[in-house]
Amino acid sequence: MSEQELSGLDPYDADRPLLMRCACGRQHAAAGDAGADCAPTTPEQAVNRYVEAALVKALFPREEVRRQFLRAVGRRTAMAAIASVLPLGSLQAMAQERGRPEKKDLKVGFVSITCATPLLMAEPLGFYRDQGINVQLVKTPGWAAIRDRIITKEHDASHFLSPMPLAMTLGLGSDKVATSVATIQNINGQAITLHVKHKSRREPKSWKGFKFGVPFPFSMHNFLLRYYLADYGLHPDTDVEIITVPPPEMVARLKAGEIDGFLGPDPYNQRAVYDEVGFIHVLSKDIWDGHPCCAFGMSSEFIRQHPNSFAALFRAIIGSSFIASVSTDRMRMAKLIAPAAYLNQPEEVVAQVLTGEFPDGLGNVRRVPDRAIFDPVPWQSMAVWILTQMKRWGYIKGEVDYSHIAEQVFMLTDAKKQMGMAGWRPPEGAYRRARIMGKVFDPQRPEEYVKSFPIHKVMA
Amino acid sequence: MKAQRRALAWRAAGLSLLLLLALLALWHWATLPAAGAAAAMTAEQREYAELLGQSSEGPARNSGFPTPAELGRSALQHLSDPWRDNGPNDKGLGIQLGHSLLRVALGFGAAVLLAVPLGFLVGMSPLALRALDPYIQVLKPISPLAWMPLALYTIRDSSASGVFVIFICSVWPLLINTSFGVASVRREWLDVARTLEVPRGRLALQVILPAAAPTILTGMRISMGIAWLVIVAAEMLVGGTGIGYFVWNEWNNLSLANVMVAILLIGVVGMVLDRLFAALQRKVSYAD
């Protein structure tokens with residue numbers, strides 16, 4: 001069967017409306033009919049096409065949004081992206097008539113940083129409403145509160161730092177609560193910012209005795225900063241001091257001289273430049289290009305009890321992530337999320353972060369279009385890397401079953417299982433190698449990776 | 001005598017005004033933005049400055065402490081639109097104050113309902129007073145915010161936890177003052193009542209309550225003062241709504257002008273509440 005024949009039902013065709021009926025022109029009630037009338041090669045193929053079409057329709061209820069998205073990323077990328085993020089049970093939920101959400105009024109927590117863009121943007125864009133749910137976005141003062149309100153069930157779903165669901169599932173620093181990462185919110189998008197008085201001390205070796213702020217112990221910020229320092233021969237536990245500073249306090253405490261720098265989320269790096277308090281030393285992209293930052297997730301119990309509400313939330317966030325990832329109009333995105341209800345930051349600062357065209361605090365205008373990217377795929381290799389760093393710095397002790405935990409928390413595996421059952425070809429792998437400051441990370445050999453670092457806490 | 005007092009009041013008011021003006025002048029002078037040298041910049045430098053929000057035309061952006069004018073502007077802006085409601089994270093000052101006052105009213109009300117009757121019982125029985133005293137002494141000095149983690153963990157709702165914290169900080173001054181007021185009602189009055197064989201209920205309501213009312217009101221005034229202090233801190237901690245959340249949200253934006261508007265408003269509301277209880281106190285006081 002050629003592509004042409006199926007175009008009426010082809011969800012990946014940007015040039016035709018998605019009619020949910022097949023090329024023969026007649027409206028069919030069910031996938032079975034479509035299979036019979038359109039003479040597909042196998043009934044399975046027809047069913048799968050139908051499921052796919054229903055899926056895309058569910059992800060993008062608005063026709064113009066779907067077509068705009070497909071035109072921007074192309075057919076193949078769109079198929080791979082959508083296929084790679086389908087979580088547990090949601091395939092059926094999506095393929096069915098959209099299931100009635102078990103719980104319509106949902107509270108979703110967030111911390112006011114640009115990483116939350118997809119989560120936030122979904123509201124003004126009307127994506128939550130499109131999915132039939134009322135989402136109340138609750139601005140939360142810090143990451144400990146984010147964690148606690150998922151544990152106490154005050155929030156149904158939440159913005160997380162991507163290591164947090166792993167830590168919560170393992171019971172590190174809190175009660176043990178199985179928590180899942182449905183999507184990564186963004187990749188890159190952080191930086192090491194230093195106080196202006198250190199402008200001449202760009203060599204990390206000279207940072208002995210510095211005091212750094214990170215937003216939370218279980219954060220990419222903490223792990224990337226430790227990685228970076230150790231790569232320059234500084235032991236993050238003994239040569240410098242790393243303390244927890246809530247993002248909104250970072251600039252003020254830098255100004256007061258309480259900390260010498262921070263590896264923090266945006267817009268606070270840019271805000272430090274804007275207020276002429278600090279300068280951007282390196283972007284986190286320069287440490288690991290493509291590292292995860294924040295995540296969107298919920299307790300596994302919530303998913304079990306409210307599969308339809310979960311699916312609706314998931315569709316809204318995925319849709320918003322896609323828009324964020326393909327949008328060429330980052331100024332408009334900044335306008336959407338800068339107001340007091342969301343980030344409460346000057347619009348130009350948010351725009352500088354999102355467009356990647358920014359003053360660095362040293363007198364240069366830098367143009368880094370991929371300073372912050374939105375890519376929702378929860379690669380399990382990311383989880384493995386996070387676990388290796390938890391092991392490396394003594395947050396977890398003893399044997400670690402890396403892939404088991406990664407697969408339990410990062411919801412890619414369930415998605416692949418579901419896709420396999422539906423006769424789909426799962427996306428290429430769940431584990432991707434990465435290059436971090438020139439060193440190759442092989443997610444298949446996590447224990448070797450941990451032991452390969454000269455500076456760590458395991459033996460210290 | 002009267003004219004003298006009025007003259008004093010005028011002079012005091014004048015001095016207050018003078019102090020205010022001096023303070024404003026000093027503040028204005030200290031926060032004057034430095035004059036920018038925009039003339040001799042290269043194109044790159046100009047672009048850089050513009051990205052930092054320092055356009056060559058127009059006034060320089062002040063990145064530090066707000067000037068009195070900025071404070072005035074933001075006060076005017078907030079006070080002109082107190083009922084703004086742009087979703088759960090962006091509400092006008094009036095709505096935020098309403099949320100805080102409601103929480104204080106709930107917590108304080110619950111504390112009055114519990115502590116006043118309990119204080120009566122304790123005050124009327126010297127045995128109970130002595131038995132309970134050690135507990136009250138231990139619980140009284142605990143900072144209300146120290147209860148917050150415990151409240152969040154057990155109540156599992158941040159707004160209700162805020163109300164609980166108000167309750168717990170209001171209870172002790174109320175309890176102590178009520179029991180003290182009741183215990184120190186003059187013995188002669190109680191003896192007279194006893195010889196007249198007044199029933200216990202009537203004794204409590206018609207003899208002890210009026211006699212102890214000024215002390216009870218003092219307890220309420222102290223409690224309300226603490227409650228208003230605590231609610232702002234509690235809301236900063238849990239977020240959501242309320243004037244404390246407003247302060248935190250503007251701090252998050254590093255907007256000191258807006259924070260100062262809120263601080264002034266908190267001060268004014270606190271004063272009004274205090275005056276309210278002072279007036280009530282005067283109403284129930286009497287000369288011996």
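## Salt bridges

A salt bridge is a side-chain nitrogen of Lys or Arg within 4 Å of a carboxyl oxygen of Asp or Glu. A:Lys391 forms one with A:Glu447, with the closest N and O atoms 2.9 Å apart. A:Lys391 lies in helix α17 of chain A and A:Glu447 in helix α20 of chain A, so the pair ties together parts that are 56 residues apart in sequence. Helices (H or I, at least four residues) and strands (E, at least two) are DSSP runs, numbered from the N terminus. A:Lys391 is buried at 9% relative accessible area, while A:Glu447 is partly exposed at 26%; buried means under 20%, exposed over 50% and partly exposed in between (1.4 Å probe, protein chains only).

Over all chains the structure holds 20 salt bridges. In one of them, A:Lys153 meets A:Glu301 at 3.4 Å, N to O. A:Lys153 sits in the loop between α8 (143–151) and β3 (157–161) of chain A and A:Glu301 in helix α13 (residues 300–305) of chain A, so this pair ties together parts that are 148 residues apart in sequence. In chain B, the side chains of B:Arg221 and B:Asp274 meet at 3.0 Å, N to O. A network of salt bridges links A:Arg433, A:Asp442, A:Arg445 and A:Glu448.

## Basis of the model

This is a predicted model, in which local features need pLDDT of at least 70 and side-chain atom pairs count only at pLDDT 80 or more, while totals for chains, interfaces and linings use all residues. Residues are numbered from 1 along each chain as its sequence is written, chains are lettered from A and ligands numbered from 1 in the order in which they are written, and side-chain values use heavy atoms, with hydrogens and water left out.

## Nonpolar cores

A nonpolar core is a set of buried Ala, Val, Leu, Ile, Met, Phe, Trp, Tyr and Cys residues joined through side-chain atoms within 4.5 Å. The largest has 81 residues, of which A:Trp143, A:Trp385, A:Met390 and A:Ile436 touch the most other members. Helix α10 (residues 220–231) of chain A gives the largest share of this core, 8 residues. Apart from it lies another core of 57 residues, including B:Ala111 and B:Met260.

In helix α18 (residues 402–409) of chain A, the buried residues are A:Tyr402, A:Ile405, A:Ala406 and A:Val409. They lie on the same side of α18(A), because they cover an arc of only 100 degrees around the axis, taken from the directions from the helix axis to the C-beta atoms. These residues pack against α9 (163–170), β4 (179–184), α17 (380–392) and α20 (446–451) of chain A, where contact means heavy atoms within 4.5 Å.
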